[in-house]
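Colleague: I have a model open on my screen and would like to learn how to read it. Could you take me through its features one by one?

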Amino acid sequence: MDVAGRLHAGWAPVTADREFLPGLELCQALYEDAVRPILDKHFPGLAHSAARIGHGSEVLGFDTIRSTDHDWGPSVQVFVRPQDAAAEPEVRRVLAEQLPASVRGWPVHYQRKDDPNDPVEHLELTDGPKNHHVWVAEPAAWLRSRLGVDPVAGPLTVGEWLAVPQQRLAEVTAGAVFHDGLGVLGPVRKQLGWYPEDVWRFLLAGQWVKLAQEEAFVGRTAEVGDGLGSRLVAARQVRELMRLALLQERRYAPYSKWLGSAFRRDVPGSAELSALLEGVLAADRYAEREAMLCEAYEELARRQNALGLTAEPIDPTRRLYYGRPFQVLHAERFALALWDSIKDPELRARQPIGGADQWADSTDFLGDLPAVRAASDALTGPKTGRWALPA
């Protein structure tokens, strides 16, 4: 059986005769209809908070019926005080015995199939104890595992902000809190809701640097007859423009699977911008590709000016790349103006390339938070010139 067939085989029994319910609604129902009554009855003194945050398409609000084929379903994090963390095994045991077989028509039991080609868990009905996804944790420990830092202890430092991938920040600040009996999740999510002002400026500058470094290559590759190379560079620029648009809107950019969805949902005027960017990707002729890309540059440049973050507005129009016949924005002009607006000395001591997921693109690396922090902290010290831009 091919991959699509295996997915369908595992998916169909669960979804058959069940109307899709967005995951966050299902998780809230699990907590309110089942988990909280059980906790109140069997652990009446247990102060807790409850939420659905962390990884998962449902947390970002992008789940569909397809999401139900694996690792999706009723799930809740129950956060307890450090002194109550030892109760975790007993809480899970009681829930395994007391949870209903299903919530809103969806099973609460997760079963891993005996198939090496299908290593994920699927929802299945059972009459016995449930292998449920109600996780009990202490807030600071859970947040450290997701962010590599403990925001409960206090505000993040500059180095900590820059070392946390935006996807991780999105996972902690999106989703939903169903009950905050500990009074921790609300303040933490507010603290992490967006970057401090100077950090935001630093990240915006880093994003403009990324665009500046390759904007002339769309034309240079086409000039030597490398149509594929021109398309590839243009596609890279499209991705960075989308991430820039989200930064400008104070929205964390998710990883690649949901970047387009977040762009369409969270960026005003995304329909018009999407039409331009799709045109860039579809263009067969270099002149068309360049013209639409420059239109997108100019639109994002105007939006940057509208934010009022620089001393003066910057000319948002395209121009030639020095003496070469390539139309560009010269995006470094925006980076330099933003850099000049940054006051924080720790940021000004760093190489102006933004946060970890702006200069690194390896999923495995970005998932290794200690390694990311070490690499991020190494990007300080003397630099050659104001910007490391190609000639």
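**Reading the pockets**

Modeller: At least two residues each in the lining of the largest pocket come from α3, β2, β7 (134-137), α5 (139-147), α7 (166-173), α11 (227-248), α12 (256-266) and α18 (363-367). Helices (H or I, at least four residues) and strands (E, at least two) are DSSP runs, numbered from the N terminus. Please keep in mind that this is a predicted model, where local features need pLDDT of at least 70 and side-chain atom pairs count only at pLDDT 80 or more, while totals for chains, interfaces and linings use all residues. Residues are numbered from 1 along each chain as its sequence is written, and side-chain values use heavy atoms, with hydrogens and water left out.

Colleague: How is a pocket found?

Modeller: Rolling a probe the size of a water molecule over the atoms shows where empty space is left. On a 1 Å grid over the protein atoms alone, a pocket is an open set of points where a 1.4 Å probe fits, with protein on both sides within 12 Å along at least five of seven lines; lining residues have an atom within 4 Å of a point. Grid points are joined across faces, edges and corners, and the volume is the space filled by probe spheres set on the points. Here the largest pocket has a volume of about 1,100 Å³. Its lining has 47 residues, and H55, G56, Q167, E171 and Y255 are the closest to the centre.

Colleague: Which element gives the largest share of that lining?

Modeller: That is α12, with four residues. By residue class, the lining of the largest pocket holds 18 nonpolar, 16 polar and 13 charged residues. Ala, Val, Leu, Ile, Met, Phe, Trp, Tyr, Cys and Pro count as nonpolar, Asp, Glu, Lys and Arg as charged, and the others, Gly among them, as polar.

Colleague: What is the volume of the second largest pocket?

Modeller: About 250 Å³. Its lining has 15 residues, with A170, T173, A174, R251 and R265 nearest the centre. Again α12 gives the largest share, here three residues, and the lining divides into nine nonpolar, two polar and four charged residues.

Colleague: And how do I read aromatic pairs?

Modeller: A pair of aromatic rings is described by the distance of the centres and the angle of the planes. Rings of Phe, Tyr and Trp (its six-membered ring) pair if their centres lie within 6.5 Å; planes under 30 degrees apart count as stacked, over 60 as edge-to-face and the rest as tilted. This structure holds 13 aromatic pairs. The ring centres of Y321 and Y322 are 4.9 Å apart with planes at 65°, so this pair is edge-to-face. Elsewhere, ring pairs join W161, W194, Y195 and Y252 into a cluster.

Colleague: Is Y322 buried or exposed?

Modeller: Y322 is exposed, at 59% relative accessible area, whereas Y321 is buried at 9%. Buried means under 20%, exposed over 50%, and partly exposed in between (1.4 Å probe, protein chains only).

Colleague: What should I look for in the backbone angles?

Modeller: Most residues other than glycine have a negative phi, and most peptide bonds are trans. Y322 has a positive phi, near 50°, and sits in the loop between β9 (319-321) and β10 (324-328). R250 also has a positive phi, near 60°; R250 lies in the loop between α11 and α12.
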